[in-house]
Every structure is written in structure tokens, then in C-alpha cells.
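Good morning. Please bring up the model and keep it on screen while I talk.

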Amino acid sequence: MKDKFDLELKFIMDEETKNVFMPDELKNRIMEDTKGKILKEKISVFLNRYIEIPLPAILGGLAAVMIINLMSLVKLNKDINYSDGKVIKVGYSEIIVRNVKDVDLHEKD
Amino acid sequence: MWIYMKRIRVKVKTLIIVLVSVVMIFRLILPQVMFKISGYISDKDREKAIKFYNVYLNTLSFGKKDEALYNMATLMVPCIDTYNIFMGMRGGEGYNITKDRVDEVIGYYEKILDKYGKSKYYAKSYNNLLDIYTGLGDIDSAYELMDWGKKSSNEKIRYISDLFRAFYYYVDKEYDKALSIVDYYIDKGEEDSRLYVLKGHIYFSKEEYDKANELYKLVDNMPYIYEEDNILFGNLKKFYRSQWIDEFSKYRGEHKIRGKVVIDGKGIPFAQIYVKDISKSGIYGSAGNEFVAITDSNGEFETVGFKEGEYEIGIGISQPLVYDMVYMEQNIRRLDVYEDTEYDFNFTSPMEMISPKGQFVLKDKEITLKWEKIEGVGYYRVQAVSFEDSKESSVTFAIPDKYGEYDIVENQATLNLDVLKLSSRAMSYSGEEMIASPQNILGTFYPQSSVPIVISAYDKDGNLINSTLPIKSFYDDITVIKVNDRELTKGENLILHKKYEEAVKYYEELLKEDTNNKEALMYLSRMYVEGWKKGTKDLAKGAEYSFRLYELIEEKDILGRLLFSFDRDEMEKHLEIFEKVFDIIPDEDLNNDLLWEKGRYYATKGDFNKCRQYYERAETDYIDLDIIYIDLYNREFDRALNKLKDNKLNLWSMNKRNLITGIEGLKGIDENSKEWIEFSQFLYKSIKRKDKEDEFNKVYKSTTNPFIKIILKEIGIQNRWLL
């Protein structure tokens, strides 16, 4: 229950602050800053967080990244075969022996 | 084990930075490095540079894709080189560029035209694309592109469109239209050497040689402006034509050569036509700046005029086209030009091998080959390819089916290894010591060997009308029989590794234990009959082993092979071996090879009438010139003239017209005249293969009879005594 002193103090405070007010713009800015600060802080906290990873997982992950990237390069190189093969003269014709493409095998039944 | 337990404490942001860096290195930095490397190595290793550019283009890289596309395209197809086909020679120069590769490059240039309108490679790509379409003879695509270029807002594109239009007018002999375009740009001050060289070609075709040469000389002294190389309009070369035209001036005349270059009846445009003086050895005019005509849109050509003479005609066609072409070769090696003359070059798409395709592992004794049926065929031949030691050249020869037949009527044949092992006769020797190739002794179809197979179709006159082997092909596209019916024996292994002396010793020991050992008899007979190196041929021993083997298996090919290995000098010393063979096999059972050998036997004995008889009986798709010589020697001139009319007579480098003139002229010659006696003595020696160059020169110089001189001249050319 409020006593007399409390009511008196309330009255004084009301009297002193009755002309003080916060514009809406400021209110919004404060609210936004508060929000942003929380996200940034969250990200910062996340980025600066220490994690412990088992060494095999790190090595495996790094190897996977490298393999995926290297594979794409190797794959591209395999897709094309422009190497000039060895030329064998057969009568008036020429047979070119390519290196990459495999010769189909047709096993006899 | 500790490594599995170990844990690393790391900040999340450090981990992300590491991962992003790895991706950046592989996807952005590495491609840029590759681009730089591609440019650096493109002169040294074209194929690697292409791969690097290709990787660059397939990554997240940015900024230089147009340059990479252009560079890659020019490395992949620097130009469309020609493959040259002359009457006595064939061969390609430059790069082995396939149609697939060209199609890929067309895609790259189209991408530049589509996406990089402001690139400095835009007009260059347009130009190169027109060069490619022209090189391939793809007129429709070229016209479409020229029409598109004509409407372009880019001045350079419009100019290139007009320039190619002028070239197309020129090949279609619309010289005035071509000249009006060329002159318009020259008057405008365009300093492109292509304008002047094209103008030179127009004057050359109009036979205004001085004007043409003036322009060619001008071009030789002009700097490169538009291109980095010497190529223009498909595969013509720009420079040094003035030097060639000076040489060419000796042959100017009135007689034109007309003809067509066609595949499956459809004309091949932009083929270059070359003509070479038959009496000149050396360079064939085929460097792209030595053409005397170019085929028009319909594949037709007309050369400038030549003076009377004997020439060899040839063509240069774009290399990517020859992967799908078989040349229907004519049995003629020189063109006799004494009036306007016609000569066509006919090609066909290769016939299909139905089965087997690719490599076929033969584990049994027999295999059945099937191929596409060809209309108008007289017979098919199955041919095997035997590689020489270097594997760069080869011997191609017909092989029989399981019944011993070489001329196959149906579009299939069954081969039997036992028959093939006895019949194949590919011979090659290497080095000064004349070391025999193992295939000479083992045959082509020995265990573990791989033998490419070609099917050729001929008409009834023996003219090639199709083949499964195009002018150029890839090894993996042709049928190859890999023989795997058994392991090599000890003796065969020795032969395969060229340990011939050891092999002889091994087999001779084997024969002591088993006098009827067929393998020993077969290989010993071959080694002694052919000789495994200089000085090892022993025909007496070879004959002994051959007869012993024949007694066991009665295969005529054994004796055919024996007789075939005798040269005429050896025949004179061993006539009894021939007589023994012909005692064993009666006339009616002689196959073509043995009929031929019997003809040779009688020629060696000097009985030319019997020789002629057997040569005639042995005729297949080839008539020996000796028959004409025998008719001349016997003074049966009309008979010789009749034989000359036979299409099967292959005169190679002899001129039929001259021979006819000569023989007609001999009809009245006195048989006791000194000229005739000398000439008939020379003929006698020729038929007996005793003719020598110095004797020829003696008779050729001394004879005063003009007709004998004409005939002797042809004999001299045929034997390369006169060039």
C-alpha cells in the first residue's frame, strides 16, 4: 500500500516531467539499434565461438573440399580428348591411334 | 591412435575463412593462373593449352571468357588444312582435325557472336567462322552468315561479309561481280592483302597472268593486317604464289582440264585442283597456293589452259571431310593432255561393317564377318593389315575365306585361322641386315596378334567402288581381330622375339624326334624360303621342308609360297623345283598363284607362248604388261592393240595413246631390219627380266625407227629409266 510519501514523490515527478516526451522517431531508432545490436552480437558471438573438432573430421573435410574442386578440374580435362594420335599408313589410307578412348571389346560367345 | 583422439579447438570464423579461401583458390585464382599458363604454353603445347582454356571457361572466372573462347577455338582449329589426292600419291599436311572438333569450334565462334558483341574478337570470330564454312564446303551456312553480316551495324562485319561474297562469286566464275566488290574496297583504301590476292586469282582464272602476277607480288610485300596467319577463304594460302606462277608459265597452253569432285553424286565445292608435270619429280603442287582451279558450288572445275603434255592431276580437299570418304580410285597414273580433257574425282561414304565392330577377341578357329551390301558389286575382298616393326607403316593384303576363296560374292565371309595361317604373305624387312619381321614367318594371324580387317567392294572390272576404311579413320572405329585361340608355342615365342637362329635350332631338334612335326616343318620351310636375314635364304632346304609339309597336309598355298620366293635368277638355277611342283599339282588344279608361277616358269625357260597362256589363265583383276611385250615380240601387233583396250590392263605411268601410235607404226616394219632385231632382243630380255638400264639406253639411243622409239620411251618411263 502506498504511503503519503510515495504519493508526494509521484506528484513531484509528474510535475517535473510533464513537459518531457520522446518523439516516435527516436523511439523507433532506439528499438532498431537495440535489435541490430542483438543480431550483430549474436553473429559475433557465433563467429568467435570456439569449437572443438576432431582432427580426422577436419582433415577429412579439407580433403573433401579439395577433392571436389580438383575433381571438377580433372573431369573437365577428361571430357575432351584432342590429342593427335599416332598415324599408321594403311595402303592409301591413314589410321589414327587415339590414346584415351577405349576400344570396345566384343567377346565371342 | 592418438590422431583419432586429437581434437582441434578453432574459432568458427577461422574455419569459414579457410574454407572460403580454398574455394577461391580453386574456383577463381587457379583459373586465372590457368588462363595465363594457356597463353604462355599455346605455342609449345597446343593440346594442353586447349585443356587449360577449357577448364578456365568452366569455372566461376570472369572477364576474359571471349578471349579464352577465341583462343581455344583458334588452337583447336588453327586452319582447315587440305588432304591431297594425286594419281600416284596421297597425303595430308598439318593438323588431324575431325569434323566433330570443327563443329565444337563453330559453337565457340557462334557464342562469341551471340554474347560478346563489343569484344575485339567479334569480327575475327565472324571471319574465322566463314573460313570454316568455306573450308568445309558448307555453302548454305556460309550464305546465311554472309546475309546476316551484310545487315550488321558493325562495319568490319559488313566488310568481311562482302569479301567472302566476292570469293564465292569468283569460284562460281562470276568474275565481274567479284571484281566490283574487290575494286570498291581497294578504291576505298582498304589495305587488306586478301583483296589483292583475290583479285590476282580472278585474273589468273581469266588467264591474264601478267596482271595476276603483279598482284601476287604486291601481296608478298604487304604486311599482315587482318589475320595472324597465312590462311584465307577456307584453306588457300596467301603468299608465294608469284614464285609458283613463274614456274607454272612453262606449261601455259590451250588445253583445259574439266571435271567434277563428287561424293555420293553430290558436288564438293572449294576443292583445289593441282596439276603436276609428270616428267618432273619433286614437289607436288599442293601447298594451297599452287592450285590451277577451284571447284565451284556444284563441285565442278575447269583449269586454265595447259600445253600438250603428260600431267598428273590432284586435288586438295578439306581434311575434316576425309574421315567420311572413300576414294574410288581409277587405274590411271597420268593424264595425257593433247586436247580439252575430262577427269573426275569420285568419292563415296564408307560402307558399314555390320559385325564384328571394334575389337573382337577370337577364341575359336572361325569368325564370320558381315558387311553392308553394295549395289553394283562384282565381288568383295577381305583384307588384313599387317603392321611393320615400326608400327607406322603396314602391308595390306587380301585374305581368303575358309574355303580359300579371295573374291567373295555374298556380303559375308567366314574366316578360318588354319587357312589364314597358311595363306598370309605380308613381308617386311628392316635395316641393312634385312632382318625379317616375325610376321613374315608366323603369318599375320599368330596367337595374341591384333589384325585390323578391311572390306573392299569392287565392280566386275576390278574398280574399287567402296570400302569400310575411309581415307582417314581412328583405330578404335575399325574392326580388329585379336587372335586368342591358344598360347604361343616355345618356337613361336623365339620367332616373335626375333631369335631366329635359336628357333631354327629348336625346330630342327624337334624334327629329329618327330619327323612329321607340322609346326616345325611349316616354320622351317618359311624361314629358309624367305630368309630371316641377309644371306640366310636357302631355297633347297626351304623346298625340302615345303614338300615334306605338303605331303602331310596337301595345301597348295605351301607350294605357292615356295615358288613365289624365287626371283628369276634363282629360278634358272632351280627349275627342277618348279617342275616338281607342277608334277604334283595337275594343270586343272592350279590356283591363280600357281598358274602365275607356271607362266613365270615358262618365261624363264624362254617359251613365251606357253608363258602367255598361263598368264592369261591367271588373269583376275590385273593383266601383266608382259603379255603386251610377248605379243610385240611375236609380231602379233593387232593382238597387242586389242589387249591394250582391256580396262584390266594397268599401265600405271605408261601412256596408252603413245603405245597405240607406236604399235600401229610397227605393223610395216621389216623383221630383218637392224632396228627390229635390236628391239626384239630387248623385248626378249625384258620378258625374261634380264633387261638392264644401260642396255635400254643403248637401244633407245641407237634406234632410228620413230615408233620403236615411242614404245621404248614408255618402257623407259615405266621402269623409271627416263624421267
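I start with a term: two strands count as paired if DSSP finds at least two bridges between them. Helices (H or I, at least four residues) and strands (E, at least two) are DSSP runs, numbered from the N terminus. Here is one such bridge: Ile263(B) has Lys266(B) as its bridge partner in E8(B).

Before going on, some housekeeping. This is a predicted model, in which local features need pLDDT of at least 70, side-chain atom pairs count only at pLDDT 80 or more, and totals for chains, interfaces and linings use all residues. Residues are numbered from 1 along each chain as its sequence is written, while chains are lettered from A and ligands numbered from 1 in the order in which they are written.

Back to strand E7 (residues 257-263) of chain B.

Now the partners of E7(B). With E8(B), residues 266-267, E7(B) pairs in the antiparallel sense over 2 bridges. The hairpin of E7(B) and E8(B) has 2 residues between the strands, and in it Asp264(B) takes a positive phi near 50°. Strand E11 (residues 300-302) of chain B also runs antiparallel to E7(B), joined by 3 bridges. There, Gly259(B) has Phe301(B) as its bridge partner. Two partners run the parallel way: strand E15 (residues 341-342) of chain B over 2 bridges, and strand E16 (residues 345-348) of chain B over 3 bridges. Arg258(B) stands opposite Glu342(B) in E15(B), and Val261(B) stands opposite Phe345(B) in E16(B).

Next, chain B as a whole. An automatic or database domain assignment supplies the domain bounds. Chain B is divided into domain 1 (2-62), domain 2 (96-242), domain 3 (246-348), domain 4 (353-487), domain 5 (489-565) and domain 6 (622-723). The C-alpha centres of domain 1 and domain 5 of chain B are 64 Å apart. The C-alpha trace of chain B spans about 95 × 90 × 45 Å along its principal axes. Chain B has 29 helices and 28 strands, and 42% of its 723 residues count as buried.

A contact means that the C-beta atoms of two residues, placed from the backbone, lie within 7 Å. Among contacts in chain B between residues at least 6 apart in sequence, 65% join residues at least 24 apart.

Now a pair of helices. The axes of helix H9 (residues 175-187) and helix H10 (residues 193-205) of chain B come within 10 Å and cross at roughly 150°. Axes here are lines fitted to C-alpha atoms, for helices over the stretch in contact, and angles run from 0 to 180 degrees between N-to-C directions. H9(B) and H10(B) are therefore roughly antiparallel; angles over 145 degrees count as that, under 35 as roughly parallel, 65 to 115 as roughly perpendicular and the rest as oblique. On the H9(B) side, the residues making the contact include Tyr175(B), Leu179(B) and Ile186(B), and on the H10(B) side they include Leu195(B) and Ile202(B).

In strand E2 (residues 82-86) of chain B, 4 of the 5 residues are buried, so E2(B) is largely enclosed by the rest of the structure. E2(B) runs antiparallel to strand E12 (residues 309-318) of chain B, and 5 bridges join them. Strand E19 (residues 366-371) of chain B has a covered face with Ile367(B), Leu369(B) and Trp371(B), and an uncovered one with Glu366(B), Thr368(B) and Lys370(B). In a regular strand the side chains alternate between the two faces of the sheet. E19(B) is joined antiparallel to strand E22 (residues 412-416) of chain B by 5 bridges, with Thr368(B) opposite Thr414(B).

Finally, a sheet with strands from both chains. Its 3 strands form an open sheet in the order E2(A)-E3(A)-E27(B), with mixed pairing. Which strands stand at the edges? They are E2(A), residues 86-90, and E27(B), residues 472-474; each has a single partner strand, so one side of each is left without a neighbour in the sheet. Neighbouring strands of this sheet are turned by 25° against each other on average, direction ignored. That is the end of my tour.

Key. Buried ≥ 20, exposed ≤ 12 C-beta atoms within 10 Å, placed from the backbone.
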